[in-house]
Amino acid sequence: MEAKVSTGKYWIWFFIWLGILITLLVVYREFFWLALPGTVTYFAKALDLI
């Protein structure tokens, strides 16, 4: 049996990265893709997919 891991810190990191992504979309449109790996990674970790 696997123990459940708390995902609260991953949700916090996801929302931080989401804020960075939205900021880059508004301010520097051509650089928004730089925040995509962090956003997607922490979203997957928060959902306990990886």
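Buried means under 20% relative accessible area, exposed means over 50%, and partly exposed is what falls in between, using a 1.4 Å probe and counting protein chains only. Keep that handy for the tour. What you have open is a predicted model, where local features need pLDDT of at least 70, side-chain atom pairs count only at pLDDT 80 or more, and totals for chains, interfaces and linings use all residues. Residues are numbered from 1 along each chain as its sequence is written, and side-chain values use heavy atoms, with hydrogens and water left out.

**Stop 1: helix 1**

Select residues 8-27, which make up helix 1; helices here are DSSP runs (H or I, at least four residues), numbered from the N terminus. Now click Ile22 in helix 1. Is it buried or partly exposed? Isoleucine 22 is partly exposed because its relative accessible area is 46%.

Helix 1 gives the patch its largest share, four residues.

**Stop 2: the rings**

There are eight aromatic pairs in the structure. Rings of Phe, Tyr and Trp (its six-membered ring) pair if their centres lie within 6.5 Å; planes under 30 degrees apart are stacked, over 60 edge-to-face, and the rest tilted. For one of them, pick Trp11 and Phe14: they sit edge-to-face, 5.9 Å centre to centre with 85° between the planes. Both lie in helix 1, three residues apart, about one turn of the helix. An α-helix has 3.6 residues a turn, so residues three or four places apart point the same way.

Tryptophan 11 counts as partly exposed because its relative accessibility is 28%, while phenylalanine 14, at 10%, counts as buried. Show Phe15 and Phe43 too: ring pairs link them with Trp11 and Phe14 into a cluster.

**Stop 3: helix 2**

Move to residues 36-46, helix 2, where Gly38, Thr39, Ala44 and Ala46 are buried. What do the buried residues of helix 2 pack against? They pack against helix 1.

Zoom in on Thr39, which counts as buried because its relative accessibility is 7%. Leaving aside neighbours within four places in sequence, threonine 39 is in contact (heavy atoms within 4.5 Å) with Phe14, Trp17, Leu18 and Leu21.

Note on methods. Helices (H or I, at least four residues) and strands (E, at least two) are DSSP runs, numbered from the N terminus.
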